[in-house]
Amino acid sequence: MLILGIETSCDDTAAAVLSVQAGPEPAEQGADTPIKVTVLADLIQSQAATHSPYGGVVPELASRRHLENIEPVVRTTLSQAGIGSKEVDLIAVTQGPGLVGSLLVGFNFAKALSLAAAVPYVGIDHIAGHLASVFLGRQTPRFPYLALTASGGHSSIFLVESPTRFTLCGRTRDDAAGEAFDKVAKLLGLGYPGGPEVSRLAAAGNPAAWDFPRAWLEPDSCDFSFSGLKTAVAQQIRRTPPAHEGELADICASFQEAVVEVLTQKTLAAAHRLGIEQVVLSGGVAANPRLRQYLQGVAERDGRLKIFMPEPRFCTDNAAMIAMAGYFQRHQATRTLDSDVYSRSGYLLPPESASGRHSHGPIAQG
Ligand code: KG4
Ligand code: ZN
């Protein structure tokens, strides 16, 4: 099956073509689906240069750039995959959450292509896309597993019971982990997106130079909070502005260590409590080399835990992950054109149960 993925939820215009060869359907909910996935083409037109001078994404500029980029990006992707639009079996497109003006460009383009090429399409929740990204790699987890997904828009822990069944265990109460990286980068004048630059500088710094706060919250809480950490870094920079590259590196390394420690320890504590031995990392922050190394190190010392991480290019926003989630949600595909984008994910609705866990269906409307 050939799947065209389209992603325009924030500031990257992305398209990808996947070839997915499926084995027999899983016998029961949660069973493994044997699939062979080949990424035939995977294109990302970054808008980083447009937004970097502003230290963050400017929504109005983002939608204008998407409008310019979407047609050439999709056309080039199809041509790199060596197929025409009519050979596509399914179009998977991000429906939400994200910037509405940006989402509308990709979503309406997908609907128009669906009509013109007579191909069904399926709207994908961006978070489901990040959760599906691990299936683009050679090593894939078995259900159920625990997934940490940390990006610029959200930071959450999910219990993943099947390709379409995710139970929210915890989420950030304020800033997302990637947002904290971006805000610290802005404070240090490092441009946008800040994560890659902070982690590059951190590699030469001393992570113990500054003892920045870690918000563990209540015992057993799977929630995160990064706004206090960001404020502590801001105060530190105001008190003692870094005088040279070495001091800048120390601030970056100390900040990064605080984020990495909290993300790792909370995810692993949740895995222990639930008796889960497989942990998946996803979202833009999962591209962070220190987070990958730290998590891997803890797992190796533990002996039983197994960690799965998509390649860094599949951690940050991309359309291959949206196509992958599209495969899992292919039975919801439609040709009707009356659906709309949404800005908030149903997967992140406040937990209803006292244990802090709540289940949502595969298609989120917000
Ligand atoms: O998943 P993503 O590409 O977009 C959203 O869904 O938000 O994540 C982007 C976020 C940004 O905040 C960016 O600074 C962060 O991921 N990020 C990183 C790294 N690469 C990207 N954070 C820390 N270290 C990195 N190497
Ligand atoms: Zn994302």
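L217 is partly exposed in this predicted model. Its relative accessible area is 32%. The cut-offs explain the label: buried means under 20%, exposed means over 50%, and partly exposed covers the values in between. L217 is therefore neither buried nor exposed, because 32% falls between those limits. The residue sits in the loop between α6 and α7. Its backbone also deserves a look. The phi angle of L217 is positive, about 60°, although the residue is not a glycine.

A118 shows a positive phi as well, of about 55°. This residue is not a glycine either. A118 belongs to the loop between α3 and β5, the latter spanning residues 121-125. A glycine with positive phi, G189, follows helix α5. For G189 the angle is near 70°.

Two cis peptide bonds can be described next. One joins G96 and P97, with omega at about -10°. P97 is located in the loop between β4 (90-96) and α3 (100-117). Another runs from Y192 to P193, where omega is near -5°. P193 lies in the loop between α5 and α6.

Helix α5 covers residues 177-187, and helix α8 covers residues 245-274. How do these two helices cross? Their axes come within 11 Å and cross at roughly 175°. That angle makes α5 roughly antiparallel to α8, because angles over 145 degrees count as roughly antiparallel. On the α5 side, the contact is made by A177, A180, F181 and V184. On the α8 side, F255, Q256, V259 and L263 take part. By class, the contact of α5 with α8 holds 7 nonpolar residues, 1 polar residue and no charged ones.

Helix α6 (residues 194-202) packs against α5 at another angle, about 70°. The axes of α5 and α6 are 8 Å apart. Here α5 is roughly perpendicular to α6, because angles of 65 to 115 degrees fall in that class. F181, D182 and A185 in α5 meet G194, G195 and V198 in α6. The contact of α5 with α6 has 3 nonpolar, 2 polar and 1 charged residues.

Which residues of α5 are buried? They are A177, G178, A180, F181, D182, V184 and A185. The cover over these buried residues includes strands β6 and β7, along with helices α6, α7 (227-239) and α8. In general, an α-helix has 3.6 residues a turn, so residues three or four places apart point the same way.

Strand β6, part of that cover, spans residues 145-150. Is β6 enclosed or open? Of its 6 residues, 6 are buried, so the strand is largely enclosed by the rest of the structure. Both faces are covered. Y145, A147 and T149 are buried on one side, and L146, L148 and A150 are buried on the other.

Two neighbouring strands pair with β6. Strand β7 (residues 155-162) runs antiparallel to β6 and is joined to it by 6 bridges. Within this pairing, A150 stands opposite S155 of β7. The two strands form a hairpin, with 4 residues between them. Strand β9 (residues 278-282) runs parallel to β6 and is joined to it by 4 bridges. L148 has L281 of β9 as its bridge partner.

The zinc ion (ligand 2) has three coordinating residues listed: H126 through NE2, H130 through NE2 and D317 through OD. The distances are 2.0 to 2.1 Å. How are the donors spaced in sequence? The pattern is H-x3-H-x186-D. H126 and D317 link distant parts of the chain, being 191 residues apart. H126 is in helix α4 (residues 126-132). D317 is in the loop between α10 (312-315) and α11 (320-328). H126 is buried, with a relative accessible area of 8%. D317 is also buried, at 18%, because buried means under 20%.

L67 gives a contrast in exposure. This residue lies in helix α2 (residues 59-81). L67 is exposed, with a relative accessible area of 61%. How far is L67 from A22? The two are 45 residues apart in sequence and 34 Å apart in space, C-alpha to C-alpha.

Notes: Residues are numbered from 1 along each chain as its sequence is written. Chains are lettered from A and ligands numbered from 1 in the order in which they are written. This is a predicted model: local features need pLDDT of at least 70, side-chain atom pairs count only at pLDDT 80 or more; totals for chains, interfaces and linings use all residues. Side-chain values use heavy atoms; hydrogens and water are left out. Donors are N, O and S atoms within 2.8 Å of the metal (3.2 Å for Na, K and Ca); water is not among the atoms, so sites may look incomplete. Buried means under 20% relative accessible area, exposed over 50%, partly exposed in between (1.4 Å probe, protein chains only). Two strands pair if DSSP finds at least two bridges between them. Axes are lines fitted to C-alpha atoms, for helices over the stretch in contact, and angles run from 0 to 180 degrees between N-to-C directions. Angles under 35 degrees count as roughly parallel, over 145 as roughly antiparallel, 65 to 115 as roughly perpendicular and the rest as oblique. Contact means heavy atoms within 4.5 Å. Ala, Val, Leu, Ile, Met, Phe, Trp, Tyr, Cys and Pro count as nonpolar, Asp, Glu, Lys and Arg as charged, and the others, Gly among them, as polar.
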